[in-house]
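Biologist: I am new to this structure. Please show me how to read its features, one at a time.

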Amino acid sequence: MYKKMNKLVRDNIPNIIEQKGDKPDFVILDSFDYYNELKKKLSEELTEFNESDDILELCDLVEVISAILDYKKIDGKEFAVGFIFLRTHFFKFFAVNFLII
């Protein structure tokens, strides 16, 4: 029997649960709840990455960010412009730059 999750999962998770012989209980969230769950998922994936330092957890973070961009109707070009703006004005993060205030 599968464990109740009460959290946002990838599209194929209900199918995987069914293939194991269980019947998943899931709902399709409305827009407001979906966005809030995406933000929770972002935090969850960040915690998992911080605890494991696993590249797959970092990939999960990118997947959640991609879903948030889709939700907010931000295309790749608009996101890239913001990314380039930050990089050209503030540059990259380097271990040698640690600001103490």
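Biologist: Is Lys 73 buried or exposed?

Modeller: First, the ground rules. This is a predicted model: local features need pLDDT of at least 70, side-chain atom pairs count only at pLDDT 80 or more, and totals for chains, interfaces and linings use all residues. Residues are numbered from 1 along each chain as its sequence is written, and side-chain values use heavy atoms, with hydrogens and water left out. Now the term: buried means under 20% relative accessible area, exposed over 50%, and partly exposed in between (1.4 Å probe, protein chains only). Lys 73 has a relative accessible area of 73%, so this residue is exposed. Its phi is positive, about 60°, although Lys 73 is not a glycine.

Biologist: Where does Lys 73 lie?

Modeller: Helices (H or I, at least four residues) and strands (E, at least two) are DSSP runs, numbered from the N terminus. Lys 73 sits in the loop between H3 and helix H4 (76–90). Asp 53 lies in the loop between H2 and H3. The phi of Asp 53 is near 60°, again positive in a residue other than glycine. Asp 53 counts as exposed because its relative accessibility is 61%.

Biologist: How many helices and strands does the protein chain have?

Modeller: There are 4 helices and 0 strands. From the N terminus, the order is α-α-α-α.

Biologist: Which residues form the largest nonpolar core?

Modeller: In soluble globular proteins, nonpolar side chains tend to be buried together. A nonpolar core is a set of buried Ala, Val, Leu, Ile, Met, Phe, Trp, Tyr and Cys residues joined through side-chain atoms within 4.5 Å. Here the largest has 6 residues: Leu 8, Tyr 35, Leu 38, Val 64, Ala 67 and Ile 68. H3 gives the most, with 3 residues.

Biologist: What is Leu 38 in contact with, leaving aside its neighbours within four places in sequence?

Modeller: Contact means heavy atoms within 4.5 Å. Leu 38 touches Leu 8, Val 64, Ala 67, Ile 68 and Tyr 71 in this sense.

Biologist: How many of the residues count as buried in the whole protein chain?

Modeller: Of its 101 residues, 17% do.

Biologist: What radius of gyration does the protein chain have?

Modeller: The radius is taken over C-alpha atoms, and the globule rule is 2.2 Å times the number of residues to the power 0.38. A compact globule of 101 residues would come near 13 Å, but this chain has 18 Å. Its C-alpha trace spans about 55 × 30 × 25 Å along the principal axes.
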